[in-house]
Amino acid sequence: MTGVPASAGGTGRPAPGGKLGAAAVNQASLWNIANILTMVRLVLVPGFVMLMLQDGGYDPAWRAWAWAAFAVAMITDIFDGHLARTYNLVTDFGKIADPIADKAIMAAGLICLSALGDLPWWVTGVILFRELGITLMRFWVIRHGIIPASRGGKMKTLAQGTAVGMYVLALTGPLATLRFWVMALAVLLTVVTGLDYVRQAIVLRRRGLAAERVAAGDAAAEEARDAR
């Protein structure tokens, strides 16, 4: 995630009230706990793929280890986000690496499952297309503002992680049926929240362009007054 030291003045404790002083902000470091968790998640991606594909990808024991690596990656995503918000751990590395790590572990899981024949390729395509498209759209509207994470988006992430995790495990019987419906829910939330994000991005961009036109008009009017 993003990073700034959680302590100021070398006390080893957060500033009073949980607020960081200007000195702490100025001492922003790459090596903070949130960024380290993000790095761990990045390292887990190739490890997860290796475990997933051991012995042809169908050994229940190796799949269990792969699930453990996937679960750790998902958990670190929750914790580095919480730490970054709580202690204002902001770095440029975290801004770039955190979303990459999130999408990399999910993409690795989906692609491995489809390559092994456990998950239809169209499901993987829909989810990855949505994630890539929304990432590009963020860059499209970033100068106009940032769309905050919605409750639907958080539910989508939870559903995707749960569904992929269930498919990674060698489940049988009722649990195998359950994972199908969890994945169906994940795909539905992926599509619905993706469309909602597109709507919000279009509205945000229109408002931003309108504000820029108003500002440009005010600036032109002021220049005209100064010229008289």
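Predicted model: local features only at pLDDT ≥ 70, side-chain atom pairs only at ≥ 80, totals over all residues.
Local features need pLDDT of at least 70 and side-chain atom pairs count only at pLDDT 80 or more, while totals for chains, interfaces and linings use all residues. Residues are numbered from 1 along each chain as its sequence is written, and side-chain values use heavy atoms, with hydrogens and water left out.

Trainee: Is R41 buried or exposed?

Mentor: R41 is found in helix 2 (residues 33-53); helices are DSSP runs of H or I with at least four residues, numbered from the N terminus. Buried means under 20% relative accessible area, exposed over 50%, and partly exposed in between (1.4 Å probe, protein chains only). Because its relative accessible area is 0%, R41 is buried.

Trainee: Which residue forms a salt bridge with R41 at 3.6 Å?

Mentor: A salt bridge is a side-chain nitrogen of Lys or Arg within 4 Å of a carboxyl oxygen of Asp or Glu. The closest N and O atoms of R41 and its partner D77 are 3.6 Å apart. This pair links distant parts of the chain, 36 residues apart, with R41 in helix 2 and its partner in helix 3. R41 also belongs to a network of salt bridges with D98, D102 and the residue asked for, D77.

Trainee: What separates D196 and R199 along helix 7?

Mentor: The side chains of D196 and R199 meet in a salt bridge, 2.9 Å from N to O. D196 is partly exposed at 29% relative accessible area, and R199 is partly exposed at 48%. An α-helix has 3.6 residues a turn, so residues three or four places apart point the same way. Because D196 and R199 are three residues apart in helix 7, their separation is about one helical turn.

Trainee: Which helix gives the most to the nonpolar patch?

Mentor: L30, W31, I33, I36, V40 and F93 make a nonpolar surface patch of about 530 Å². Patch residues have over 30% relative accessible area and no salt bridge; like charges are joined within 9 Å, and nonpolar side chains (Val, Leu, Ile, Met, Phe, Trp, Tyr) within 5 Å. Areas come from the Shrake-Rupley method with a 1.4 Å probe, and for residues only the protein chains shown count as cover. With three residues, the greatest contributor is helix 2.

Notes
Helix = DSSP H or I, 4+ residues; strand = E, 2+ residues; numbered from the N terminus.
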